[in-house]
Amino acid sequence: MCGIWALFGSDDCLSTQCTSAMKIAHRGPDAFRFENVNSFTNCCFGFHQLAIVDRLYGMQPLRVKTFPFLWLCYNGEIYNHLQLKEKFEFEYQTKVDGEILLHLYERFGIEKMVTLLDGVFAFVLLDTANRKVCLGRDTLGVRPMFRMLTDDGFLAVCSEAKGLTEITHSMASPPEIAPFPPGHFEVFTLKSSGKVESVQLKRFHSCTDEPKHAVHDSFRGLLSGFDLETVKSNIRLLFENAVRKRLMAHRRIGCLLSGGLDSSLVAATLVKLGKEDELKYPVQTFSIGTEDSPDILAARKVAAHIGSEHHEVNFNPEEGIRAIQEVIYHLETYDVSSIRASIVMYLVCKYIREKTDSVVIFSGEGSDELTQGYSYFHKGPSPEAAAEESERLMRELYLFDALRADRTTAAHGLELRVPFLDHRLCAYYLSLPGEMRTPKDGVEKHLLRESFKGLNLIPDDILWRRKVPFSDGVTSNKKSWFSYLQDHVETEVNDSQLESAAKVFPHCTPKTKEAYYYRQVFEKYYPGRAGWLSHYWMPWWIKATDPSARTVSICTPNKDQ
């Protein structure tokens, strides 16, 4: 997890522009650098480093003697860089995983380069010999990147939008700042003036497609066919491989643990593989909630079962209320569901940064989208409709859960690892017949649960624990986090304000006082940027005005099934 920032063709003094790059300093607390580009005095790179792999040569922009004309600024991890290095007999000059981008680009060009990368990434690559600037972002947008392009060809790029909002330019009105589309690369020609012109924007991978880098993967052993036992075996193999490849780190590894199915599977597999790889420290797990909350109790049980070094963070709803504004500042969104969940995740990440030495943090994000885990999937009209909805959720992860997970960890200088969003695991799961993936017997994610049944990886009651609305899981049964939030927004927004919401906020008009309050805070930090969110996250197939799972009534599953 690092922060990248770059300008091409600035009309203003770079020393003034560079102050904007300091807005993302939290993403890389270990070191930072600004560097001008030779022969292009109005072009520069900015980089905030969180040293994870090569702490000696990891500063950027990355340049190597073999290719002095290439400049690379990237945020991410390339899990197959050693396999590719060996396959194509590249000679590395550093131990940085990102060096593979330079070798692949020089030999094969930008399009083949990005298709061969197994990992999460956002990058800016400058080729001064051929006068090109290339941008690229991973398939699901796990790593963020925003770009701003003016009418006259001034290009600015940053990991977070806040690093671009005060960039000065020659346009009369503010140019659009937009997230770079996941799974795409873009090529610009670089003019002698330092300005650019976009010549190609192309999708290189979709989550439903088997990634092209799979042919070079050292992992083998998947069986063919869709009979249940074969599918279950393949899911287990792919999931374990997804966790294993993400152990790549020179900093301490930890894991968020809510006590739900997804985080429990990640934590248990992480501890198991950590022992096999002889990690020199116990894996730390982290849960958050009030003392008697369901999540705290469930996570405690899982931690005892897997043998992790467990930390419990006491959640104080009043502290959560006080954190709302800074959370929205970091998120750069006003989506209700994202903010609710982010507040709690933000606070547990704050604890990790201040009280422990874990830096690389595993999490269960992406499983609900991939495996049809949301409660409203019980209302799906058909397996085909459910499959389409799952794919839609995957495509929009970068606007919601992936955004939340990135910003809440990066705000505290932590690096996120999300095994459920592994390229091969996603492509395989989404290729399965729709009937296999739908909820069964009143239980969502039934196939995933079945795949780990009888292994004693996690306790059986956790394996079959029904999905709990997030706001209910972190607080006691007496009063939920949802209720605390509603009490607070009642003091912040009155009825008349909500009635005039359509006039004040015509785009994505808030329908509730909570949504109105979040929008007010967002506009305070990012006035006129409401377009960063195209729509609120909401359950489908039901008439819902609130994104919470509490709006969906389903049958109670039998935990003994």
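1. Burial. Buried residues account for 62% of the 561 residues in the protein. Buried means under 20% relative accessible area, exposed over 50%, and partly exposed in between (1.4 Å probe, protein chains only).

2. Basis. This is a predicted model: local features need pLDDT of at least 70, side-chain atom pairs count only at pLDDT 80 or more, and totals for chains, interfaces and linings use all residues. Residues are numbered from 1 along each chain as its sequence is written, and side-chain values use heavy atoms, with hydrogens and water left out.

3. Overall dimensions. The C-alpha trace spans about 70 × 60 × 45 Å along its principal axes.

4. Contacts. Take contacts between residues at least 6 apart in sequence: 71% join residues at least 24 apart. Contact means heavy atoms within 4.5 Å.

5. Surface. The accessible surface is about 21300 Å², and carbon and sulfur atoms hold 49% of that. The areas come from the Shrake-Rupley method with a 1.4 Å probe.

6. Secondary structure. The protein has 22 helices and 17 strands. These are DSSP runs (helices H or I, at least four residues; strands E, at least two), numbered from the N terminus.

7. Strands S2 (residues 31-37) and S3 (residues 40-49) run antiparallel, joined by seven bridges. Strands pair if DSSP finds at least two bridges between them. Val37 has Phe40 in S3 as its bridge partner. Two residues separate the strands, and Ser39 in the turn has a positive phi of about 70°.
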